[in-house]
Amino acid sequence: QVQLVESGGGLVQAGNSRRLSCAVSGRTSSIEAMAWFRQAPGKEREFVGFINWRLGNTDYASSVRSRFTMSRDSAKNTMYLQMNSLKPEDTAVYYCAARDIGGIYSSSDHYNFWGQGTQVTVSS
């Protein structure tokens, strides 16, 4: 019912910035919340940030709160993740997620729509 496509990943030097995009299509009116998660090799999937699709309020993991910013453009059906002051430990596959059900916004188990992921590699 909802399709998500991430873009904007790539190789970036530590200290620089990168912006990821998530294009949303399908029955967007059913979306309650959207989020970014990331997964590094050998590690569990990690919550990055959340946005209320209707109101735009956000919350973030403490590890990225002062450096990352989420936003959405309803007219373009696109969600963004602005990443500043990138560190090598930010290297991961970044996934866009959405849900049309209630739940805990920081739990990946409570999202039922996922993008394919985009690789972000931060060199030291």
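# Exercises around strand β3

With a relative accessibility of 16%, S21 counts as buried, because buried means under 20% relative accessible area, exposed means over 50%, and partly exposed lies in between (1.4 Å probe, protein chains only). The model you see is predicted, so local features need pLDDT of at least 70 and side-chain atom pairs count only at pLDDT 80 or more, while totals for chains, interfaces and linings use all residues. Residues are numbered from 1 along each chain as its sequence is written, and side-chain values use heavy atoms, with hydrogens and water left out.

**The surroundings of S21**

Task: find the strand that holds S21, and list what S21 is in contact with beyond its neighbours within four places in sequence.

Solution: Start with the location. S21 is part of strand β3. Here strands (E, at least two residues) and helices (H or I, at least four) are DSSP runs, numbered from the N terminus. Next come the contacts, meaning heavy atoms within 4.5 Å. Setting aside neighbours within four places in sequence, S21 is in contact with V5, E6, S7, W36, T78, M79 and Y80.

**The partners of β3**

Task: which strands pair with β3, and over how many bridges?

Solution: Recall the rule that two strands pair if DSSP finds at least two bridges between them. Now take strand β1 (residues 2–7): six bridges join β1 to β3, and the two run antiparallel. For an example, look at L4, whose bridge partner in β3 is V24. Then turn to strand β8 (residues 78–83), which pairs with β3 in the antiparallel sense, again with six bridges. Here R19 stands opposite Q82 of β8.

**S25 and R27**

Task: Then say what each one touches, leaving out residues up to four places away in sequence.

Solution: Begin with S25, which lies in strand β3. Move on to R27, found in the loop between β3 and β4 (33–39). Beyond the neighbours within four places, R27 is in contact with Q1 and V2. Finally, check two C-alpha distances. R27 and V2 are 25 residues apart in sequence and 5.6 Å apart in space. S25 and A92 are 67 residues apart along the chain, and their C-alpha atoms are separated by 25 Å.

**The disulfide**

Task: which cysteines form the disulfide, and what is its handedness?

Solution: Apply the criterion: a disulfide is a pair of cysteine sulfur atoms within 2.5 Å. A search of the whole structure finds one. This disulfide joins C22 to C96, with S to S at 2.0 Å. The angle about the S-S bond is -75 degrees, and the link is left-handed. Last, look at accessibility. C22 is buried because its value is 0%, and C96 is buried with a relative accessible area of 0%.

**The core**

Task: which residues of the largest nonpolar core touch the most other members?

Solution: Start from the meaning: a nonpolar core is a set of buried Ala, Val, Leu, Ile, Met, Phe, Trp, Tyr and Cys residues joined through side-chain atoms within 4.5 Å. The largest one has 36 residues, and L4, M34, W36, M79, L81 and Y94 touch the most other members. The elements giving two or more residues to this core include β1, β3, β4 and β8. Then zoom in on M79: not counting residues up to four places away in sequence, the residues it touches include L20, S21, C22, M34 and C96.

**Aromatic rings**

Task: what kind of pair do the rings of F37 and W114 make?

Solution: Rings of Phe, Tyr and Trp (its six-membered ring) pair if their centres lie within 6.5 Å; planes under 30 degrees apart count as stacked, over 60 as edge-to-face and the rest as tilted. The whole structure has six aromatic pairs. For F37 and W114, the centres are 5.3 Å apart and the planes are at 50 degrees, so the pair is tilted. F37 is buried at 1% relative accessibility, whereas W114, at 29%, is partly exposed.
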